[in-house]
Amino acid sequence: MSNRTPGRADEPPMGKVMQPITLTNSYDEENVGRGHLRAEQVHSIEIEALVDTGATMLVLPSDAVSRLGLLVAGYRRVRYADGRTAEVPWVSGVGIKILGRETVTNALVEAAGTTPLLGQIPLEELDLLVDPKSRELRVNPASPDAPLLDILSAA
């Protein structure tokens, strides 16, 4: 049971799940492996993201992207919940660490200070499930040790 008082401003709306995540610049991590950077030079941040199963991708505010040292790779057309569309920047090489699981993904970029969103693609890749009743993100109990991903046979 949560120890938060219902209706407090710091509490997410009913049914919303907030999750602390660690983000890293995966290009920095590759450069550590190649001996071009020291481990302490890897750009890394911890943020709290809204788990949004209605969103497709990871969405980060531009200030978080800047702190990670990532460069805009291009622009993608997006549709917002209110129906409007826009072109927004996207970045690649975002390392995500959540609940002992890791992946590298792309992220859409929104204005500085916006709420980060953890969308369906990284959730699927990490094999994480949302428990709306407890408002928690959980490791899939069917694959507790590592993500189990589905693929279709080409044969």
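A salt bridge is taken here as a side-chain nitrogen of Lys or Arg within 4 Å of a carboxyl oxygen of Asp or Glu. The structure is a predicted model, in which local features need pLDDT of at least 70 and side-chain atom pairs count only at pLDDT 80 or more, whereas totals for chains, interfaces and linings use all residues. Residues are numbered from 1 along each chain as its sequence is written, and side-chain values use heavy atoms, with hydrogens and water left out.

A search of the whole structure finds six salt bridges. Among them, Glu136 pairs with Arg138 at 2.7 Å between the closest N and O atoms, and Arg138 also forms a salt bridge with Asp131 at 3.3 Å. Relative accessible area (1.4 Å probe, protein chains only) is classed as buried under 20%, exposed over 50% and partly exposed in between; Glu136 at 38% is partly exposed, as are Arg138 at 37% and Asp131 at 23%. Through shared partners, Asp131, Glu136 and Arg138 are joined into one network.

A further salt bridge links the side chains of Glu29 and Lys97 (3.9 Å, N to O). Glu29 lies in helix H1 and Lys97 in strand E5, so the pair ties together parts that are 68 residues apart in sequence; helices (H or I, at least four residues) and strands (E, at least two) are DSSP runs numbered from the N terminus.

Strand E5 (residues 85-98) pairs with E6 in the antiparallel sense over seven bridges, pairing being assigned if DSSP finds at least two bridges between two strands. Strand E3 (residues 58-61), by contrast, pairs with E6 (residues 101-110) in the parallel sense over four bridges.
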